[in-house]
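Visitor: I'd like to learn how to read packing in a model like this one. Can we go through it together?
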Amino acid sequence: MPTVDIEKIKKEIIDSQLWRSVFRGGVWKDTPRDRAAHIIGNVWLHLHPVKVRPRALEWLYTWGMGGISFALYLILTLSGVALMFYYRPTIGLAYRDIKDLEFAVTLGMFLRNSHRWAAQAMVVAVIAHMVRVFLTGAYKKPREFNWGVGVLLLTLTLFLSFTGYLLPWDQLAIWAVTVGTNMAGATPILGNEGPLGSLAGMRINNDVRFTLLGGTMVGENTLLRFYVMHCVAVPLVVGILLILHFWRIRKDSFSAAPYQANEEKVDVWPHLVKREYVAAAATVLVIMVWSILQNAPLEAIANPNVTTNPSKAPWYFVGLQELLVYFDPWIAGVVMPGLIIVGLIAIPYIDTNPKGIGYYAWKERPFANTMFMLGVVLWFALIYIGYACRGPNYAWYWPWESWYGLKAAPPATWSVFGPKGDGAYSMLIGVPLLAGVSAAWMLLPKMIQRDLDGRKTMGAFLGLLAVLAAAGMAMGKMDVLQGAFLLFFLGSSFYFGFMLPQRHIRTLDWPRYLVTMVLVVSTMSVLLKMCARLAFNIKYVLTIPSISMNI
Amino acid sequence: MNRKLTFLVAIALLSASGAPGVRAAELSEKDKALANPYSNDFGPEAVDEAVLKTYPANVQAGYKALIKGCAQCHSAARPLNSRFVEPLDDAALAKLKKDQPELFKDASVWQIETKLWNRYVKRMMNKPGCNIEKKDGKAIWEFLAHDSVARKTGPNAAKWAAHRKGLIEQLKAKDHKRYEELKEAKDL
Amino acid sequence: MSYRKLFYVANVLLLAVFVWALVEDFRAEWRPYQAAYYRMAAEAQEKLAAAQTDPKKAAEHKAAARAMRRSPVEIKQIIVGDLGRFDRCVTCHVGMDEYTNPSLKNDFTENPYKAHPKIDESLVKAHPFTKFGCTSCHSGQGLATDKDAAHGWVKHWEKPMLKGVHIQGACVKCHGDFETLKGSEVAARGKRLFQEHGCQGCHAINGWGGAVSVDLGDVADKPFERIAGYNFKRVRIDGKELPNEHHNSHWNIQNWILGHLVNDPAYNTPNDPFAKLNAEPIPPSGMPDFSAEISRADSDAITAYLTGMTKEEVIPRRYYVFAPAAREPKFSQAKDHGRFVFQKYGCQGCHGLEAKEGRRRYNALGPGQKPFDETMTEEEIGRQMELGREPTLPDLMGTYTHEELVKKIASGVPAADAKKWNPKGPMPMIYMPGWKDKISPTELNDLATWLLSIAKEDDSGF
C-alpha cells in the first residue's frame with residue numbers, strides 16, 4: 001500500500017487557489033510573524049492589538065465582565081433572531097406564539113429560556129463591568145468619554161430588557177410596563193401628570209408617555225412599538241455604541257493598567273484570544289445549562305381589566321418602584337434615574353484624584369470608592385426590599401411571610417409642610433426652611449476648611465440624636481424602633497453626606513464641588529426619606545398640591 | 001452645624017406629634033336615627049304637657065308606654081311627628097272627608113286611614129328585638145290614634161301642616177340625598 | 001489546567017450540553033404515549049390478522065398493523081378556526097384523532113389510549129371534533145403537550161379541564177335550549193335549583209334578578225386574582241382543604257362556587273367584623289348558609305349550571321342554538337301565581353323557602369337574640385350578630401294593606417335603614433332592593449295577594 005504523506009496533502013490543499021482565496025494565510029507556523037498576522041489579517045480580531053501587557057490579562061484584575069457582556073449580547077442577538085421566526089407582535093397572537101414555543105416547537109422552550117436568562121445575566125454582567133471599571137479607575141483621563149458611552153450602553157441594556165419584557169403579553173408584562181410607563185407620564189413638563197405638565201399643554205393623549213405607548217394605555221400599538229424598538233431600533237443603536245466603545249478601548253491602549261518598567265508585552269494570539277474564547281464558552285455553557293434546567297416564567301394572558309396585586313416591575317427596576325413608596329413618580333421615576341445616569345456620566349469629570357488608574361486602590365480613593373459602592377449597595381438594597389419584602393397592596397411582608405396572610409390597613413400618613421389642611425405646618429415656614437437647610441448642607445463641608453476629628457464629630461452627632469430620641473421616648477411621642485431608625489438613617493446621612501465630603505472634597509474647585517454635592521445630597525435624600533416614611537409615616541416633607549409639587 | 005441641629009430637632013419633635021384620635025361619643029337614639037332620618041325625626045320627642053292633660057287617662061298611660069317602649073329602636077320623635085292619622089272608624093273617616101277635604105290633598109302631611117296606627121304598632125311589635133308587651137301595645141295604639149286626630153285634624157290642622165312642612169324642609173336642607181330617596185319612594 | 005486543555009474541554013462540553021438540550025427536548029412527555037399507542041394498535045391489528053381465516057382480510061389487517069408501526073411520532077392538533085382553538089390533546093389521546101383512528105373506536109380502556117366515550121351517540125355525532133375541537137367542551141389548555149399543563153392543572157391557566165358533571169356547563173354556553181336538551185340534565189337541574197332556592201334574589205343572571213350581590217352572568221370567567229388566597233384556603237370540599245394551587249387545579253372557579261354552597265360562606269370570607277385590621281368593621285360575606293338546605297349533588301348541579309355563565313368567548317352564530325324562553329305556567333288563582341312570582345324573582349334567597357323564615361342578615365336584629373350589652377365577650381357578640389335575620393314575613397304580613405305591600409316591594413328598603421344589633425358593628429350587607437323596574441304590576445299584585453294569604457293569625461288582642 002502506498003504511504004500517505006499527510007503533510008504533503010495538507011500543503012497541497014493550503015496552497016490551492018480555493019483555500020488561498022478564502023484564507024490567504026498559507027501554512028501556519030507558530031512564529032511571532034504568523035501570530036501577528038492572525039490578528040491583523042482577520043476582520044473579527046483586528047480590533048485587538050498585536051501585543052498586550054500581561055497585567056491586562058489577569059482575571060482578578062478585569063473580571064472579564066466586559067467580554068462576557070458582549071458574549072451575552074451575541075447570544076441574545078442569535079437567540080432573538082431565532083425567536084423572531086416564531087413570534088408575532090399582535091395581542092391576539094403573541095401569547096399563543098409563546099405557548100407554541102413552549103409546547104410545539106423543537107427546542108422552543110430551550111430557545112426562549114436562553115434568551116430570557118441571557119438577558120437577566122447581561123444586566124448583572126454590565127453592572128459588574130461598570131463596578132470593576134470604577135474600582136480600577138479606568139474611567140479617568142483619557143477615558144472619560146468611553147465611560148459615558150458605557151453608561152449609555154447600560155441604560156440601553158435596561159431599556160432592551162424593559163421592551164423585551166412586554167413581548168410575551170402576559171399579566172406580568174402588561175402591568176410591569178404599565179408601572180414603568182406611568183412613571184414616564186410623571187415627567188416634569190413633558191408628562192401630563194408631572195409638575196408643570198398641564199401648563200405645558202400636556203394631556204394624556206399627547207405627552208411623552210403617549211409617545212412611548214402609542215396610545216393612552218398599554219395595548220396593541222405598544223406591543224408593536226416595543227417589538228420594533230426591542231428587535232431593531234435599540235440593537236442598532238447599541239451596535240453603533242459598541243463599535244465606538246471598542247474603538248475607544250483600542251485607541252486608549254486597551255487596558256488602563258499602568259506601565260511598569262521593562263515590562264515585556266505578550267502576543268494577543270494566543271494569550272488574550274484564548275481567554276476570551278474560554279470566557280465566552282463558559283458563558284454559553286452556563287446559559288445553556290440554566291436554560292435546560294429552569295423554564296422562563298409565563299403568567300396568565302394579559303388582561304387590562306385585572307390588575308395583579310402586587311404589580312411589580314422586573315427586578316432591575318423594582319428598586320425604582322420601591323422608591324415610589326418614598327417619592328412621587330416624577331422624582332422616583334424621572335428625576336432620580338436621570339440623576340443617576342447624568343451623575344454616572346459626570347463622575348470622570350468631577351473626580352480629579354490622579355491615583356488609582358488601572359489598579360484597585362482602596363486606601364488612595366476613599367471618597368470615590370465609598371460613595372460609589374454606597375450607591376451600588378443602596379440600589380441592590382432597594383431591589384431586595386421591592387422584590388422580597390413587598391406583598392399585596394404593597395404592604396410590608398417579611399420574606400418568610402405568606403402573602404395569603406392578612407395585614408392591617410396601613411396607618412395614616414401626614415405631610416410636614418404644606419398649605420393649610422395638607423401639611424402639619426405652614427408652607428411659609430417650610431419652603432425657606434428646606435431651602436436654607438439644603439443650601440447649608442451643600443456649602444458647609446467646603447466652608448469648614450480644617451480637618452475635623454472624625455470620631456469626636458460622629459460621636460457628638462450620634463450622641464445628640466440619642467438624646468433627642470430619648471427625650472421623644474420619654475414624652476411618649478416616639479417608640480424604640482423609631483428612635484433606632486432615626487439614629488441609623490440620620491447617622492448614616494451625616495457620615496456619608498457631611499463627614500466624608502468635608503474630609504475629602506473640600507479642596508475641589510467650586511463647580512466640581514457643587515456637582516458632587518448635588519449627587520451626594522440626592523443620595524442622602526433617599527436615606528432620609530426612607531426613614532421619614534418607614535418610621536414616622538411622613539408622606540411628603542413639602543407639598544404644594546396646586547402645582548403637583550410634592551417632595 | 002447649628003442650623004442642621006435645629007432642623008434635626010424640629011424634625012424629631014414634629015415626627016412625634018400625631019393627629020389625635022377622635023373618641024367616639026356615646027350617641028343617643030335620636031342621633032343614631034338622624035344618621036338615616038325621616039322628616040319625623042327632626043321634630044320634638046315629646047308632646048306638650050298641656051296637650052297631654054286634655055287626653056283621657058288610658059291615652060295618657062299609652063303615652064308613657066310609648067316613651068318607654070318605642071324609644072328602644074328609634075327616638076319618640078318618629079311616631080310623634082308622623083303624618084299618620086287614624087280616625088275611629090269608617091264613619092269618622094267619611095265625616096272627615098266631608099268636613100275637611102283639604103286634609104286628603106297632601107299625603108306627606110296627612111296620611112289618613114282606619115286601622116293605620118293599629119297596623120303599624122303591630123308591625124313594630126313583630127320586629128325582632130322589640131319587647132313591648134301586648135297590653136302596652138294596645139295602650140300605645142290607643143294613644144297614637146287619639147293623639148293623631150286631636151293634634152293633626154280639626155282646628156289644629158293648619159298648625160300641624162306648618163309643623164310638618166317645616167320638618168320636611170329641614171330634611172331637605174340637612175340631607176338632600178335622603179330627601180330625594182324618600183320622595184321617590186313616596187315616604188316623605 | 002492549561003488553556004489548551006480548557007479549550008478542548010469547553011468545546012466538548014458545548015457539544016455535550018447541546019446534545020443534552022436536544023435529548024431533553026426529545027424526551028417530551030407526549031412521545032411515549034403516542035409511541036405506545038401505535039404499538040398497541042399494531043398489536044391489536046396483528047391479533048386480528050392471526051385470528052382471521054379469510055386471507056384477503058388477514059392481509060388488510062397486516063397492512064394496517066404495518067401502517068401503525070410506521071406512523072411518525074409527531075404533534076397532532078385539531079384546529080378550529082371559528083372558535084380560535086388549537087387543541088393538541090390528540091397528540092397523547094391518539095384514539096380520538098380522526099386521522100390516525102378513522103373509526104374513532106378502539107378496544108383500549110385506559111387513558112390516554114382509549115377512544116372517546118359515547119362515540120355512537122348523538123351527543124358526539126352532533127359535535128364533530130373537526131368543528132368543535134376538545135377544549136370548547138372540556139376546557140383545559142389545548143395548546144399544551146405536557147399532561148398537567150394540557151389539563152390546565154397548572155398555575156396561571158384559569159380554565160382547567162372540567163371534572164365530572166361540571167362539564168355540562170359547557171353545554172349551557174352554546175345551548176340556549178339546555179333546559180330541555182338530552183345530555184344537559186344536570187345543568188338544567190342546576191338552573192332550576194338556582195331559582196328554587198332563591199339565589200336570583202341577590203344574584204342576578206345577566207340583569208335578571210336582584211342587584212344585592214354580584215351578577216353571576218359571567219362568574220365562570222372570574223379571575224383568580226380577585227379571589228384572595230386567604231379565602232381559598234378556608235374552603236372545605238368534602239371536609240378537606242383544597243390542595244395547594246400550584247399543581248392540582250383544585251383552586252379553580254368550580255370549587256370556589258361549590259365552596260359557597262357546601263360551606264358557610266361567612267366562614268370562607270370572614271372579613272373583619274371587629275375592625276381588627278381596618279378602620280371600619282367589615283361584615284363577613286352576606287350570603288346565608290345553604291349547606292343544610294342544598295345537598296352535595298345538588299350543589300354540583302348548580303355549579304355545573306354556573307360553569308356555563310361565561311362571556312369570554314364570542315360564540316359564532318352558527319354554533320349557538322337559540323331557543324325561545326320557556327313559557328310560564330298559567331295559574332287560575334291569583335295567590336298561586338303570587339307564590340310562583342315569589343319564587344321567580346328569588347325572594348326565597350332572603351326570605352326563606354315559602355317565606356317561612358328570614359335568612360341570615362349579619363348584625364341585623366333577629367329572633368332569639370339577647371339585647372346588646374357592651375360587656376359581652378367578643379365571641380358572644382359574634383354569635384349574636386350571626387343571629388340577625390331578614391324579617392319573617394308571616395309575622396308581618398297581617399300588618400300591611402294590599403297597597404302598602406305593593407308599594408313596599410316596589411320601592412324596597414334602603415340599605416342604610418337597617419337597624420344594627422351591635423351599634424359599633426358592621427352595617428348589615430343584605431337589604432331589600434326595589435323591584436318596581438323588574439316585577440310587572442300584575443305580578444306585584446298577585447304576589448301581594450299571596451303574601452297576605454300566608455299571614456299569621458292576629459293574636460295581639462287589639
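Visitor: Leaving aside its neighbours within four places in sequence, which residues is A:Met122 in contact with?

Guide: Some housekeeping before that: this is a predicted model, where local features need pLDDT of at least 70, side-chain atom pairs count only at pLDDT 80 or more, and totals for chains, interfaces and linings use all residues. Residues are numbered from 1 along each chain as its sequence is written, while chains are lettered from A and ligands numbered from 1 in the order in which they are written. Contact means that two C-beta atoms, placed from the backbone, lie within 7 Å. On that basis A:Met122 touches A:Ser69, A:Leu72, A:Tyr73, A:Leu76 and A:Thr157.

Visitor: Which residues touch the most other members of the largest nonpolar core?

Guide: The general idea is that in soluble globular proteins, nonpolar side chains tend to be buried together. A nonpolar core here is a set of buried Ala, Val, Leu, Ile, Met, Phe, Trp, Tyr and Cys residues joined through C-beta atoms within 7 Å. Buried means 20 or more other C-beta atoms within 10 Å of a residue's own (exposed is 12 or fewer, partly exposed is in between). The largest core has 106 residues, and A:Leu72, A:Ala118, A:Met122, A:Trp169, A:Ala173, A:Ala176 and A:Leu323 touch the most other members. Helix 7 of chain A (residues 108-135) gives the largest share, 13 residues; helices are DSSP runs of H or I, at least four residues, and strands are runs of E, at least two, numbered from the N terminus. A second, separate core of 33 residues includes C:Phe342 and C:Ile409.

Visitor: At what angle do helix 9 and helix 13 of chain C pack?

Guide: Two packed helices are described by the angle between their axes and the distance between the axes. Helix 9 (residues 185-196) and helix 13 (residues 296-307) of chain C pack at about 100°, with axes 7 Å apart. That makes the two helices of chain C roughly perpendicular, a label for angles of 65 to 115 degrees. Among the residues making the contact are C:Val186 and C:Phe194 of helix 9 and C:Ile302 and C:Tyr305 of helix 13.

Visitor: How many residues of chain C are in contact with chain A?

Guide: 28 residues of chain C meet 31 residues of chain A. Helix 1 of chain C supplies the largest share of chain C's side, 13 residues.

Visitor: And how much of chain A is buried?

Guide: Of its 551 residues, 36% count as buried. Chain A also has 19 helices and 6 strands.

Key. Axes are lines fitted to C-alpha atoms, for helices over the stretch in contact, and angles run from 0 to 180 degrees between N-to-C directions. Angles under 35 degrees count as roughly parallel, over 145 as roughly antiparallel, 65 to 115 as roughly perpendicular and the rest as oblique.
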